[in-house]
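Visitor: I have a chain on my screen and some questions about how it is put together. Could you walk me through it?

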Amino acid sequence: MKKYINIFILLFLLHSCSKTPSDQIINYAEEKYGKSFKEGEIDLSKIFDFEWQTLYIFSPLTYPEDIEKEIGFKYNGPIVKDDHYLFLFVKDNKIVKKYTYSNIKIGFSDNENMGVYKVNFNDSKYKMNNK
């Protein structure tokens with residue numbers, strides 16, 4: 001199965017000065033391929049250059065018990081709000097970084113596991129296309 005990340009152009013601005021994970025992915029691709037790139041390969045382990053084993057991206061309205069089932073240990077956070085995405089970076093059954101964002105600028109396609117997208121550090125190269 002090919003893995004793709006699709007960039008979606010949004011018509012609104014982020015309310016925060018910090019870069020979201022989707023901004024970091026887009027910036028990496030634009031630096032590597034230019035602002036008008038159509039397709040390329042990115043390596044998420046190079047973009048998120050801290051120690052992590054698995055990145056979980058949960059879609060809006062995911063309940064804590066569903067997050068716990070997926071990550072395999074206790075999660076004390078709230079439900080993922082409507083129109084928000086939760087990025088959890090996990091190492092050794094501990095959350096090492098957590099981001100919750102609305103206004104996400106990319107889409108992750110994975111037909112096997114609806115509602116959550118899982119990325120392993122050792123298998124983090126993805127095809128990316130700009131639609």
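Visitor: Which residues of α1 are buried?

Guide: Keep in mind that this is a predicted model. Helix α1 covers residues 21–33. Buried here means under 20% relative accessible area. The residues of α1 that count as buried are P21, S22, D23, I25, I26, Y28 and A29.

Visitor: How far does α1 reach from its first C-alpha to its last?

Guide: Helix α1 has 13 residues. At 1.5 Å a residue, the expected reach is 18 Å. The model comes close to that, with 18 Å.

Visitor: Which residue follows α1, and what is its phi?

Guide: The helix is followed by a glycine, G34. Its phi is positive. For G34, the value is near 95°.

Visitor: How many helices and strands does the protein have?

Guide: From the N terminus on, the elements run β-α-β-α-β-α-β-β-β-β-β. That secondary structure comes to 3 helices and 8 strands.

Visitor: How many bridges join β3 to β7?

Guide: Strand β3 spans residues 54–58. It runs antiparallel to β7, and I57 stands opposite Y117 in that strand. The bridges between β3 and β7 number 5.

Visitor: Why is β3 described as largely enclosed?

Guide: Look at both faces of the strand. T54, Y56 and F58 are buried on one side, and L55 and I57 are buried on the other. β3 is largely enclosed by the rest of the structure because its buried residues come to 5 of the 5.

Visitor: Which backbone oxygen does the side chain of T62 reach?

Guide: T62 lies in the loop between β3 and α3. It counts as buried, because its relative accessibility is 11%. At 2.7 Å, its side chain reaches the backbone oxygen of S59.

Visitor: Is K118 buried, partly exposed or exposed, and which residues does K118 touch?

Guide: K118 lies in strand β7. Its relative accessible area is 40%, so K118 is partly exposed. Leaving out residues up to four places away in sequence, K118 touches T54, L55, Y56, E70 and Y126.

Visitor: How far apart in space are K118 and I57?

Guide: In sequence, K118 and I57 are 61 residues apart. In space, C-alpha to C-alpha, the distance is 6.5 Å.

Visitor: What kind of aromatic pair do F50 and F89 form?

Guide: F50 sits in the loop between α2 (44–47) and β3, while F89 is in strand β4, 39 residues apart. The ring centres are 4.9 Å apart, with 75° between the planes. Planes over 60 degrees apart count as edge-to-face. The F50 and F89 pair is therefore edge-to-face.

Visitor: Are F50 and F89 buried or partly exposed?

Guide: F50 has a relative accessibility of 23%, so F50 counts as partly exposed. F89 has a relative accessible area of 0%, so F89 is buried.

Visitor: What is the angle between the planes of F89 and Y99?

Guide: F89 lies in strand β4 and Y99 in strand β5, so the pair ties together parts 10 residues apart in sequence. The ring centres are 6.0 Å apart. The pair is edge-to-face because the planes are at 85°.

Visitor: Which residues form the aromatic cluster?

Guide: The model holds 7 aromatic pairs. One cluster is made up of F48, F50, W52, F89, Y99, Y101 and F121.

Visitor: What share of the protein's residues count as buried?

Guide: The protein has 131 residues. The share that counts as buried is 43%.

Key: Residues numbered from 1 in each chain as written. Predicted model: local features only at pLDDT ≥ 70, side-chain atom pairs only at ≥ 80, totals over all residues. Heavy atoms only, no water. Pairing = 2+ DSSP bridges. Helix = DSSP H or I, 4+ residues; strand = E, 2+ residues; numbered from the N terminus. Buried < 20%, exposed > 50% of the residue type's maximum accessible area, 1.4 Å probe, protein only. Polar contact = N/O pair within 3.5 Å; in protein donor to acceptor, adjacent residues only side chain to side chain. Expected span 1.5 Å × (residues − 1). Phe/Tyr/Trp six-rings, centres within 6.5 Å; stacked < 30°, edge-to-face > 60°. Contact = heavy atoms within 4.5 Å.
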